[in-house]
Amino acid sequence: MLYMLGLYYKQLEFLKSIYFRTFIGFTLSFLVVLIIGQPFIKFLKKKKFGEEIREDGPASHYSKKGTPTMGGVLMLFGSLITILVAGNLYNKFTILLIITTLCFSAIGFVDDYKKFTVNKNGLSGKKKLFGQSLISIIVWVFIKEFGLTGSKAVDFSLSNPIVPNSFFYIGSFFMLLFIMLVVNGTSNAVNITDGLDGLAIMPVIISCSILGTIAYFSGHIELSTHLHLFSIPGSGEIAVFLSTVIGAGLAFLWYNCYPAQIFMGDTGSLALGGVIGVISILLKQELLLPIIGGVFVGEAVSVILQVGSYKLRKKRIFRMAPIHHHFELMGVPENKVTMRFWIVALLFGIAALGMIRLRGIM
């Protein structure tokens with residue numbers, strides 16, 4: 001809305017500024033979620049949409065039983081409402097991200113809702129993967145039809161995160177498979193990480209901040225050239241979109257920090273992870289993503305190793321997976337585990353920015 005006002009009224013031309021709309025996006029989404037957060041929590045309590053606790057989980061989690069979940073609805077509502085105000089609705093990336101966010105959140109919402117009304121296990125893993133794969137196909141079709149960098153060879157390649165202007169062409173079909181791997185993997189990795197109060201949302205905020213910075217650089221001809229990033233016209237609007245996610249996420253943390261008043265549920269975790277995966281593809285940073293989201297990778301790998309070890313050797317590597325539960329069972333207090341994971345997430349984010357800067361001086 002602001003962009004359109006700036007486009008049609010010369011005296012309001014400053015409204016087109018990405019800087020200004022990023023600030024508005026962050027501020028407005030933060031305020032929306034912060035203001036409606038408490039009434040939303042009361043509504044969920046009234047409807048008895050409370051968290052079920054794993055019987056084999058840490059004993060300290062039993063007190064969390066009944067804590068309202070589906071907080072992702074609150075967070076994504078704040079973000080999507082705000083992007084309608086601050087975003088450029090003529091921009092192809094903005095439209096794609098709104099569509100994919102709605103699709104991911106729909107999968108998560110159905111999963112959360114079924115847990116309370118039909119089956120406490122929610123959607124089956126196969127159905128989730130099927131839905132996520134359909135969204136990956138939408139992203140693939142978008143790249144085929146609208147392009148990213150102006151070069152099909154680059155668009156269907158994997159870019160080297162260290163060596164400037166280096167990429168490996170894999171073709172359209174294998175790019176589709178890779179998009180599915182990245183998007184499905186990231187979506188489910190964030191979902192796995194969401195196991196302690198505030199644990200997942202801060203690494204999400206950090207990842208979005210790094211990707212938002214890269215998006216702005218990639219959309220700016222001079223900065224993208226200076227840093228040896230692929231120039232992606234219009235990608236600066238991704239930074240505006242991510243500012244709404246960051247603002248909404250920070251306000252959500254107000255209620256989600258220890259001891260949590262609300263959990264994000266699959267509605268939030270699947271959507272946030274999926275969007276991070278989609279944006280990494282759009283920015284040609286798919287191979288930098290494991291660094292940006294290092295905490296999510298570690299959590300997912302811990303589950304894979306645990307399951308694989310038990311199936312092959314009938315022995316567990318960790319006391320419990322994901323790995324944050326392992327540390328809890330070692331006696332580390334929950335809030336200390338969370339804070340340490342935040343620190344690690346920040347270090348991974350700084351390392352990712354360092355790699356981007358390194359490209360600029362090579």
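This is a predicted model: local features need pLDDT of at least 70, side-chain atom pairs count only at pLDDT 80 or more; totals for chains, interfaces and linings use all residues.
By class, seven of the residues lining the largest cavity are nonpolar and three are polar, while no charged residue takes part.

Turning to the aromatic side chains, the count comes to eight aromatic pairs. In one of these, the ring centres of Phe 109 and Tyr 113 lie 6.0 Å apart and the ring planes meet at 15°, so the pair is classed as stacked, the angle being under 30 degrees. Phe 109 and Tyr 113 are four residues apart in helix α4 (residues 92-117), which means that about one helical turn separates them. Phe 109 is partly exposed, with a relative accessibility of 36%, and Tyr 113 is likewise partly exposed, at 39%.

A tilted aromatic pair is formed by Phe 142 and Phe 146, for which the distance from centre to centre is 5.3 Å and the angle between the planes is 40°. Both residues belong to helix α5 (residues 125-146), where they are four residues, or about one turn of the helix, apart. Phe 142 is buried, at 7% relative accessibility, whereas Phe 146 is exposed, with a relative accessible area of 55%. Together with Phe 93, Phe 142 and Phe 146 form one aromatic cluster.

Definitions and conventions:
Residues are numbered from 1 along each chain as its sequence is written. Side-chain values use heavy atoms; hydrogens and water are left out. Ala, Val, Leu, Ile, Met, Phe, Trp, Tyr, Cys and Pro count as nonpolar, Asp, Glu, Lys and Arg as charged, and the others, Gly among them, as polar. Rings of Phe, Tyr and Trp (its six-membered ring) pair if their centres lie within 6.5 Å; planes under 30 degrees apart count as stacked, over 60 as edge-to-face and the rest as tilted. Helices (H or I, at least four residues) and strands (E, at least two) are DSSP runs, numbered from the N terminus. Buried means under 20% relative accessible area, exposed over 50%, partly exposed in between (1.4 Å probe, protein chains only).
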